[in-house]
Amino acid sequence: MVYVILGNGFEEMEAIAPVDILRRGGVEVKTAGIGGRRIVGAHGIAVEADTTVEEICTRGMEMIVLPGGLGGVSSILGSEAALSAVQTAWKGGRFVAAICAAPTVLASLGITDGKQATCYPGMENEMGSAKMTGLPVVRDGNLICGQAAGAAVPFGLALLAALKGEEAAEKIRQAMVCP
């Protein structure tokens with residue numbers, strides 16, 4: 001199971017594109033809302049989350065994903081349930097992924113320390129001792145980071161590759177006619 005955390009003000013492309021790509025690849029994904037199930041993104045798009053962060057079952061979790069958007073990131077930082085799920089995933093050797101401003105959440109938890117990472121340009125000073133690459137998508141072991149909304153599709157494909165292999169991700173990339 002993959003959980004994508006949604007807080008009010010999340011960046012819609014950074015959440016929905018990876019969810020779509022993972023589901024196309026046969027991965028079970030649930031969106032988990034902070035403060036309820038109806039979550040409104042940074043651009044006014046309302047989404048009905050599958051569950052809430054309090055209902056996340058970490059036992060069968062393979063990956064947790066944090067979309068960016070400053071409001072969504074603030075929501076995550078203000079949610080003990082969300083932060084606990086991220087820490088449980090990381091300590092349990094599961095994949096932890098974040099895009100845009102959300103890698104700063106991982107940095108605040110010490111997850112990116114000494115790891116290769118990327119984030120929204122200009123936020124590098126909030127990334128602690130991460131080794132910043134400036135690349136659109138970076139994977140360092142069980143850590144996967146994306147740069148911004150423009151990297152949402154490659155980020156989603158990287159998540160799929162981590163879970164199902166490069167061949168599965170390539171098949172979905174070709175089916176979506178991505179360059």
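Modeller: Two pieces are in contact when their heavy atoms lie within 4.5 Å, and in that sense Met13, Glu14, Ala17, Pro18, Ile21 and Leu22 in H1 meet Ala152, Val153, Phe155, Gly156, Leu157, Leu159, Leu160 and Leu163 in H5. This is a predicted model, where local features need pLDDT of at least 70 and side-chain atom pairs 80 or more, while totals for chains, interfaces and linings use all residues. Residues are numbered from 1 along each chain as its sequence is written, and side-chain values use heavy atoms, with hydrogens and water left out.

Colleague: Why are H1 and H5 called oblique to each other?

Modeller: The axes of helix H1 (residues 12-24) and H5 cross at roughly 40° and come within 8 Å. Angles under 35 degrees count as roughly parallel, over 145 as roughly antiparallel, 65 to 115 as roughly perpendicular, and the rest as oblique. H1 and H5 are therefore oblique, and their crossing is right-handed.

Colleague: And where does H5 lie relative to the strands?

Modeller: Helix H5 (residues 152-164) lies across S1, S6, S7, S10 and S11, and runs at about 175° to S7.

Colleague: What makes S5 and S10 edge strands?

Modeller: Strands pair if DSSP finds at least two bridges between them. The open sheet has seven strands in the order S5-S2-S1-S6-S7-S11-S10, with mixed pairing. Strand S5 (51-52) and strand S10 (137-140) each have a single partner strand, so one side of each is left without a neighbour in the sheet.

Colleague: How do you know that S6 and S7 pair?

Modeller: They share four bridges, in the parallel sense. Leu66 stands opposite Ala98 in S7.

Colleague: Why is Ile56 called buried?

Modeller: Its relative accessible area is 13%, and buried means under 20%, exposed over 50%, and partly exposed in between (1.4 Å probe, protein chains only). So Ile56 counts as buried. This residue sits in the loop between S5 and S6. Leaving aside neighbours within four places in sequence, Ile56 is in contact with Tyr3, Ile5, Ala32 and Ala85. Ile56 and Ala85 are 29 residues apart in sequence, yet 7.5 Å apart in space, C-alpha to C-alpha.

Colleague: Which residues touch the most other members of the largest nonpolar core?

Modeller: Of its 32 residues, they are Ile5, Ile64, Leu66, Ile76 and Leu106. Such a core joins buried Ala, Val, Leu, Ile, Met, Phe, Trp, Tyr and Cys residues through side-chain atoms within 4.5 Å. Among the elements giving two or more residues are strand S1 (2-6), strand S6 (63-66) and helix H3 (80-91). H3 gives the most, with five residues. Apart from this core lies another, of 29 residues, including Val2, Val19, Val29 and Cys100.

Methods:
Axes are lines fitted to C-alpha atoms, for helices over the stretch in contact, and angles run from 0 to 180 degrees between N-to-C directions. A crossing is left-handed if the near helix is turned anticlockwise from the far one by less than a right angle, and right-handed if clockwise.
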